[in-house]
Amino acid sequence: MRDSSRGAFDADTVLDLLVRPCAPPASTVRYSFRFEGGEPPTKPVPPTASASLTPRAGERGRGSHHHPPPPLALLSPYAPPLLSDSPLLANEQQQIHPQLGLSPLLSAPAAESFQEAREGEVAAAGMGKPRVALALAAALALLLSCSDVVVRAQDTERIEGSAGDVLEDDPVGRLKVYIYELPTKYNKKMVAKDSRCLSHMFAAEIFMHRFLLSSATRTMNPEEADWFYTPVYTTCDLTPWGHPLPFKSPRIMRSAVQFISSHWPYWNRTEGADHFFVVPHDFGACFHYQEEKAIERGILPLLRRATLVQTFGQKDHVCLKEGSINIPPYAPPQKMKTHLVPPETPRSIFVYFRGLFYDTANDPEGGYYARGARASVWENFKNNPLFDISTDHPPTYYEDMQRAIFCLCPLGWAPWSPRLVEAVVFGCIPVIIADDIVLPFADAIPWDEIGVFIAEDDVPKLDTILTSIPMEVILRKQRLLANPSMKQAMLFPQPAQPGDAFHQILNGLARKLPHDKGVYLTPGQKALNWTQGPKGDLKPW
């Protein structure tokens, strides 16, 4: 048990000592806690399995955890008094270990062993954040899972104020949308040619079209329409690897605009100011997955008066025009539904992430992809037992997110990704690492209250930041995330449901009405330059 080379107990041994109070005792052991607004419950300590915090080799950056999952955020391993100081949880007996500042959740032998191990670890190699402290954090969460402290983790909380009202708005009766009938080469034939378009993260453009066709907001009379919609699938012409062809997308869109302007009079009245387009590309209507090239191209000139409904959002960026409606990327609702775990399943993973850390194919020198943020996550935390991070994408991916407390949502080539949707739907607190990101439906979803924002430069401090969040803050974020209306707003279900992403888009369009009279042009007046843009974008499609 003792690691003689370190002069102290190793972390696994300390963890074993710490979880002993959860083992079947010779006599019943009870813990008493004081909760806000209620009498202190008592509960016999249930049995538990053993645990291991040894990091795995290779691309997997976290140890294999076999213990009963901790239901709440792990307490800071560097600030043990948090347990007794928390307004949510206070020890009724007030028996604090004189050296550790811990409540009597720790048995005396466990506390003494931890103190010995901590001193030994700190003395070895000058470690400022001893691995045994991480074992303590895990053990504390384990011990909490033995108590009644989990009772509030599954509660829900309604969003208060204007955001909650906006989230629950019903757009029906507030606007009318006219759908242009385009040749099927712009939409249906694309899907027939490549069905991958129906399941990739850009598929919102397809399902928005299908939703509007049967929506109560649709009008067959263009003269009474508030908005005009052009159903063109610019992300459905794919490479063999499933990526939209950036040189095709602007030509498809330009061709569609030319078609509607020559077959109906409504575009020419405003040159698109009362039209909206769904553009779910990495960088919206800049139509490229690499930021440098997207900035160079800019928003397609013909769309600069239209309202853009797009996944991309970043403050003060040339690819986000004022008045755009930011939406979540598409994540398959039915697939996610089939992977739901029982709601009482505790959360045993502290930080979870699956995805690329480096894109060697497109960024061989490194540092450009994700502006280096993902690489920093890997280099700093690949051996940290609190971080379950890997390039693998296991079949249990959705289940794992439902067992995690925090889910990393770092930028990739663009600031956004489907992980944001998945985290919200699965109740995993999103840790958003993307400077100046503009998030979906920000007037309806209180992102500051449900997520954690980490500056890209602060990624090396990620462990300290997350382990320092007070427990009551974690609990409130979990209650808000448990609100069904929050989850619904992030999804594009078929058939549509009240309050879903389709309806949030319509709510956003309704709030932009009425149109300013200044958007209407006099006969013959032109506001857009139809010959502007890269030569390749001007080629016919």
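Two strands are taken to pair if DSSP finds at least two bridges between them. In this predicted model, strand β14 (residues 429-433) and β15 meet that criterion, pairing in the parallel sense over two bridges, and V431 has V452 in β15 as its bridge partner. Both strands belong to an open sheet of five strands, arranged in the order β12-β11-β13-β14-β15 with parallel pairing, in which β12 (387-390) and β15 (452-453) are the edge strands, each pairing on one side only.

Two helices lie across this sheet. Helix α17 (residues 471-481) lies across β13, β14 and β15 and runs at about 105 degrees to β14, whereas helix α12 (residues 373-381) lies across β11 (349-354), β12, β13 (404-410) and β14, at about 125 degrees to β12. Because seven of its nine residues are buried, α12 is largely enclosed by the rest of the structure; among these buried residues are R374, W378 and F381, and the elements covering them include α14 (419-425) and α16 (462-467).

The structure holds three disulfides, one of which is formed by C407 and C428, with sulfur atoms 2.1 Å apart. Since C407 lies in strand β13 and C428 in the loop between α14 and β14, this pair ties together parts that are 21 residues apart in sequence. The torsion about its S-S bond is about 105 degrees, so the disulfide of C407 and C428 is right-handed. The sulfur of C409, by contrast, is 6.6 Å from the closest cysteine sulfur, in C407, which is too far for a bond. A further disulfide joins C197 to C236, and both of these cysteines are buried.

Definitions and conventions: Residues are numbered from 1 along each chain as its sequence is written. This is a predicted model: local features need pLDDT of at least 70, side-chain atom pairs count only at pLDDT 80 or more; totals for chains, interfaces and linings use all residues. Side-chain values use heavy atoms; hydrogens and water are left out. Helices (H or I, at least four residues) and strands (E, at least two) are DSSP runs, numbered from the N terminus. Contact means heavy atoms within 4.5 Å. Axes are lines fitted to C-alpha atoms, for helices over the stretch in contact, and angles run from 0 to 180 degrees between N-to-C directions. Buried means under 20% relative accessible area, exposed over 50%, partly exposed in between (1.4 Å probe, protein chains only). A disulfide is a pair of cysteine sulfur atoms within 2.5 Å.
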